Amino acid sequence: MLLKLSIAAFAALEIIFVPYFLESSKDGRTKKSQILKIICSTLFLATGIIAAVIAENQTNYAKHIIIGLAICWIGDLFLHPKQKTPIFITGTVFFLAGHICYIWAYCRAIFTLFPQARFFDWREIIAFAVL
């Protein structure tokens, strides 16, 4: 029960901190906006971890999603400082790596949960080409 309350509290804190972060970064990247961004990222990461614990989900899918969340957290840490090219590139690489973890988790899950399904059906490929 405590874990479920924690998720509700984290969601409520996100509702408070995200607009506060957006407001503080309106005038550019500052130390205050950096702190608020990391708070938001930490709440998001903690929510993912606690959701997996509550669901007792120890599958590779859950592990890859949590690894992706953690790597994106590091990316957020490096992406926000004022444009210093090596720091920004580091953040971009971490953020990309986190999203690769998400894609990997989704691709593996579709083959595990829906073995008869293909990742792309020929009709979907045609629809993407038309769009």
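Counting a disulfide as a pair of cysteine sulfur atoms within 2.5 Å, the total here is zero disulfides. The model is predicted, so that local features need pLDDT of at least 70 and side-chain atom pairs count only at pLDDT 80 or more, while totals for chains, interfaces and linings use all residues. Residues are numbered from 1 along each chain as its sequence is written, and side-chain values use heavy atoms, leaving out hydrogens and water.

**Cysteines**
- C40 is in no disulfide, the nearest cysteine sulfur being that of C72, 15 Å away; C40 counts as buried (under 20% relative accessible area, with a 1.4 Å probe and protein chains only), at 10% relative accessibility.
- C72 is likewise in no disulfide, with the sulfur of C101 the nearest at 8.0 Å, and C72 is buried at a relative accessible area of 7%.

**Helix packing**
- The axes of α2 (residues 31-54) and α3 (residues 60-79) come within 10 Å and cross at roughly 175°, which makes the two helices roughly antiparallel, a label for angles over 145 degrees.
- In the contact (heavy atoms within 4.5 Å), residues of α2 including I38, F44 and L45 meet residues of α3 including I66, L69 and W73.
- The residues of this contact divide into 10 nonpolar, four polar and two charged.

**Overall form**

Definitions and conventions
Axes fitted to C-alpha atoms, helices over the stretch in contact; angles between N-to-C directions. Helix = DSSP H or I, 4+ residues; strand = E, 2+ residues; numbered from the N terminus. Parallel < 35°, antiparallel > 145°, perpendicular 65-115°, else oblique. Nonpolar A, V, L, I, M, F, W, Y, C, P; charged D, E, K, R; others polar. Buried < 20%, exposed > 50% of the residue type's maximum accessible area, 1.4 Å probe, protein only.
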